[in-house]
Every structure is written in C-alpha cells, then in structure tokens.
Amino acid sequence: MTELVYLNGDYLPLTEAKVSVLDRGFLFGDGVYEVIPAYGGKLFRLEDHIVRLNNSLAGIRLTVPHGVADWQAIFQPLLSAGKDQYIYLQITRGYAPTRDHGFPETVVPTVFAMCSEIKPFPGKSAGIKAITLDDTRWQLCNIKAITLLANILLRQQALDRDCAEAILVKNGYVIEGAASNLFAVIDGELITPPKSNEILPGITRDVILELASADGIPCREDIIALEGLQTAEEVWVASSTREILAVVELDGKPIGTGKPGPVWQRLDDLLQTYKKSLS
Ligand code: PDD
C-alpha cells in the first residue's frame, strides 16, 4: 500500500510529494510544526494542538487561514482506524524566488502533513536513562519551530551515551527534555516547570496535570533546581509520541529506587484509561 501524504491541497503518495529547493523551510528552517496523536483513528486534543499551532504561526508572523474543522478534514484521510498514529504537520513560509533573509513580498505557505504509527517505546516498563546538558537552544522555545538543530545535537549526545533523552539545564535549573517536557516527584508532590518562552507548552504535560489533579495527586508548576532533580523520588519525561517515560538513571546515578516509581505507574495507568475512553 502506498502511503498517502497531504501537500498543499493534494493527497499523493509520499514518494511523489516534492517541494522546491527554494522553499524557505529547506533554506532557512523557516517554519513551524505540530505532532498530533490519534488513537483508534481519533485525533487526541486536536483543539489544543491547533491553539498551539496558531501561537507558533503568530510567533513567526505567518498566517494560515484554517480552523480546527479544516484541519480535521485535512488530516482525516491520512488516518486509519484501530491504530495508534500521529500526524506530523509542517508549515513553512513557502517558496521565494531568491534566497533572502527578509520575508518575501508574496507568501504562499507550504503545508505538508503525513501520518506515522506510534510504536510503544521499547523498555518503557524498565524506565530510561537520561543525561543533563546545557540548554543551547534559542530564546523562543515556546514556538514549535522546525529549526531543531540544537535539539537534535542534544538528543544525539544523549544517544551516544546510551541514554534516551537529554534533560536541559539553564542557570542551574532544569527546563525540559530535548523533545519532551519534564516532571519530578519531590517530597510526594508532582512538579513540572511552568510555561514560559523557555519550554514548549506540551499537550501531554497539560493532560498529565489534569489527570493528576483529578486523581488527588498533589501537583504544582514550579522551577526545579538541578540538585532537586538529582534527589527527586521520581523523574519523568513526557511527549505525544513517547507518552510518559520514567527516568531511572540520571548522569549515571539512580533516581529514587532506580526503578519506575508508583506515581509514574499511577499516571501511566490513568493516561491509558483516558486514551481508551476517547477512542
Ligand atoms: N516533541 N518539549 C519539546 C522540546 C518537544 O519537542 C516536545 C514534543 C515536547 C512535548 O510536547 P507534546 O506533549 O505536545 O508532544 C516538549 C515532538 C513529539 C517532536 O518534536 O517530535
């Protein structure tokens, strides 16, 4: 079966989807993206993802005149029922006749969407290893920009050291992962850094906070010092494609008991039940 993708109003096989080498996404990384999970063919928290998309678009001064229903209609033909998948949506400032940093006079955004399977993260039940690294990214991390060079170099440094994620540190405080948000259980309380221009406002993060509050788990948005993370009872990272992963080893030292903790187990159970209730 040929995989269908969406490009600028058409559905076509992946191998036939082409954009110009003068596209500003290719030349400058001038664009934004979204990763939207779909369970059993149903898009998860689509409205929230579109709010974040619109914030990202506004952040780079790009307009795409689509509402939630338009996006839903665009994505639906890419999804198949009965599978856990995600939509990758990328919007760039499009083709410009010459390479010039300033915006072109006429902007026709390039809109591309494809669908991939969400595979269960290998070794999820055992937890993952992570390293801490200096946050070398720019100052607008709330924009989901396709320009991800810092993130990929950071993630690769983690992979090179047999770790699944890099946890980023700025001025002695932990911020988020290279492609995930961060949670810690400290003195029995679930804590995650507050939304700001330093982190991507993760949709999974919001869901976790909602589920935890509804379940009576004490939780709070607050800054976390690196030393606080090192001595936390539990540390997790969260994202749409990896869901919630317990970090059991940080910089070669165990977190808590060195095994995924009970609060992580509870939240993962709640998340799985919540997903099933929607699909
Ligand atoms: N990334 N922080 C960063 C830097 C991220 O790249 C991501 C997700 C998150 C979590 O956001 P959400 O819960 O909405 O997925 C936080 C996606 C999965 C990616 O780049 O592929």
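1. Basis. This is a predicted model, with local features requiring pLDDT of at least 70 and side-chain atom pairs counted only at pLDDT 80 or more, while totals for chains, interfaces and linings use all residues. Residues are numbered from 1 along each chain as its sequence is written, and side-chain values use heavy atoms, with hydrogens and water left out.

2. Domains. The protein chain is assigned domain 1 (4-117) and domain 2 (124-278). These bounds come from an automatic or database domain assignment. Their centres, taken over C-alpha atoms, are 26 Å apart. Domain 1 puts 25 residues into the contact and domain 2 puts in 19 residues. Contact here means heavy atoms within 4.5 Å.

3. Sheet order. An open sheet is built from 6 strands, ordered β2-β1-β6-β5-β3-β4, with antiparallel pairing. β2 (10-13) and β4 (42-43) are the edge strands; each has a single partner strand, so one side of each lacks a neighbour in the sheet. Strands (E, at least two residues) and helices (H or I, at least four residues) are DSSP runs numbered from the N terminus. Two strands pair if DSSP finds at least two bridges between them.

4. Helix on the sheet. Helix α3 (residues 68-75) packs on the sheet and touches β1 (4-7), β2, β3, β4, β5 and β6 (110-117). The directions of α3 and β5 make about 115°. Axes are lines fitted to C-alpha atoms, for helices over the stretch in contact; angles run from 0 to 180 degrees between N-to-C directions.

5. Strand pairs. β3 (residues 31-39) and β5 (residues 84-92) pair antiparallel over 9 bridges. Pro 37 faces Tyr 86 of β5. β1 and β2 also pair in the antiparallel sense, over 4 bridges. Tyr 6 has Tyr 11 in β2 as its bridge partner. The β1-β2 hairpin leaves 2 residues between the strands, and Asn 8 in the turn has a positive phi of about 50°.

6. Salt bridges. The count is 19, taking a side-chain nitrogen of Lys or Arg within 4 Å of a carboxyl oxygen of Asp or Glu. One of them joins Asp 30 and Arg 93 at 2.7 Å, N to O. Asp 30 sits in the loop between α1 (24-28) and β3, and Arg 93 in the loop between β5 and β6, 63 residues apart.

7. Surface patch. Leu 149, Ile 152 and Leu 153 form a nonpolar surface patch, together exposing about 320 Å² of accessible area. Ile 152 belongs to helix α4 (residues 149-160). Patch residues have over 30% relative accessible area and no salt bridge; nonpolar side chains (Val, Leu, Ile, Met, Phe, Trp, Tyr) are joined within 5 Å, like charges within 9 Å. Areas come from the Shrake-Rupley method with a 1.4 Å probe; for residues, only the protein chains shown count as cover.
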